[in-house]
Amino acid sequence: MQSELRHLFKEYYENPFTLKVFGKSSISELYRKQITADLIHAMPSLKIEDYLRVKPEIFEKMDYLVIAFDSHNNRAIGLLAACWQYGKKQFLQIFTILIGEQYQDTLLIKKLYKVLFAQIADFPDIIAFKTFNSKSYNAMKVFARIEGVSVYPKLNGLQDSQIMQIAQEIAKTLEPNLNF
């Protein structure tokens with residue numbers, strides 16, 4: 001009995017998340033409703049239902065939808081949505097990342113990115129991610145440690161003019177009716 005409990009305890013702390021990858025429109029309406037309900041439960045202080053309602057493309061048009069589930073109750077606790085965008089340059093857009101409140105200071109964000117990039121044959125030259133969340137920005141800033149990788153904007157330095165031009169092209173691809 002004690003050995004079984006030890007195994008369950010170890011399993012809980014070593015594998016608290018199960019991650020599943022979905023493609024465009026591969027989630028049924030019923031499953032989508034369950035995932036939405038789970039995410040609302042996981043993030044009670046946010047308006048997740050409203051967010052997901054006004055962004056149906058998260059479930060319908062993303063090339064990659066990585067959903068994290070709590071391994072013990074199988075409830076959705078996180079989501080990362082990404083898609084390829086084609087403008088002057090092809091780039092991967094991290095469309096959104098949602099992490100349940102009690103999982104925000106865990107390894108979940110890293111695991112979501114790891115699973116996402118495991119799906120992609122060649123690491124993209126450009127990854128675009130618009131965020132107002134400092135934790136999300138810092139998670140992406142980790143890539144700047146890799147030689148040849150730049151993050152825009154730099155919050156504590158001069159901007160590279162070539163990177164600024166690429167950022168402007170990306171913004172124009174994502175929002176063609178706005179001036180940048």
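## The sheet

Five strands make up an open sheet of mixed pairing, in the order β1-β2-β3-β4-β5. At its edges stand β1 (17-22) and β5 (127-128), each with a single partner strand, so one side of each is left without a neighbour in the sheet. Two strands pair if DSSP finds at least two bridges between them. Helices (H or I, at least four residues) and strands (E, at least two) are DSSP runs, numbered from the N terminus.

β4 and β5 run parallel and are joined by two bridges. Glutamine 93 has alanine 128, in β5, as its bridge partner. As background, strands of a sheet pair through backbone hydrogen bonds, either parallel or antiparallel.

## About the model

This is a predicted model, in which local features need pLDDT of at least 70 and side-chain atom pairs count only at pLDDT 80 or more, while totals for chains, interfaces and linings use all residues. Residues are numbered from 1 along each chain as its sequence is written, and side-chain values use heavy atoms, with hydrogens and water left out.

## Helix α2

Let's turn to helix α2 (residues 29-42). At 1.5 Å a residue, its 14 residues should span 20 Å, and its end C-alpha atoms are 20 Å apart, which agrees. The expected span of a helix is 1.5 Å times one less than its number of residues.

Which residues of α2 are buried? They are Arg32, Ile35, Thr36, Asp38, Leu39 and Ala42. These residues cover an arc of only 165 degrees around the axis, which puts them on the same side of α2. The arc is that of the directions from the helix axis to the C-beta atoms. On the other side of α2, Leu30, Lys33 and His41 are exposed. Here buried means under 20% relative accessible area, exposed over 50%, and partly exposed in between (1.4 Å probe, protein chains only).

α2 lies across β1, β2, β3 and β4, and runs at about 115 degrees to β3. Axes are lines fitted to C-alpha atoms, for helices over the stretch in contact, and angles run from 0 to 180 degrees between N-to-C directions. The buried residues of α2 pack against α3 (48-54), α4 (57-60), β2 (64-70), β3 (76-86) and β4 (90-99), where contact means heavy atoms within 4.5 Å.

## Helix α5

In helix α5 (residues 108-118), the buried residues are Leu108, Ile109, Leu112, Tyr113, Leu116 and Phe117. Seen down the axis of α5, they fall within an arc of 165 degrees, so they line one face of the helix. The face turned away from this buried side carries the exposed residues Lys110, Lys114 and Ala118.

What do the buried residues of α5 pack against? Their partners are β1, β2, β3, β4, β5 and α6 (134-141).

## Aromatic pairs

The structure holds five aromatic pairs. One of them is stacked: tyrosine 31 and phenylalanine 69, 6.4 Å centre to centre with 10 degrees between the planes. This pair links distant parts of the chain, with tyrosine 31 in helix α2 and phenylalanine 69 in strand β2, 38 residues apart. Tyrosine 31 is partly exposed, at a relative accessible area of 28%, whereas phenylalanine 69 is buried, at 1%.

The rings of tyrosine 113 and phenylalanine 117 have their centres 6.1 Å apart and their planes at 10 degrees, so this pair is stacked. Both residues lie in helix α5, four residues apart, about one turn of the helix. Rings of Phe, Tyr and Trp (its six-membered ring) pair if their centres lie within 6.5 Å; planes under 30 degrees apart count as stacked, over 60 as edge-to-face and the rest as tilted. Ring pairs also link Phe22, Tyr31 and Phe69 into a cluster.
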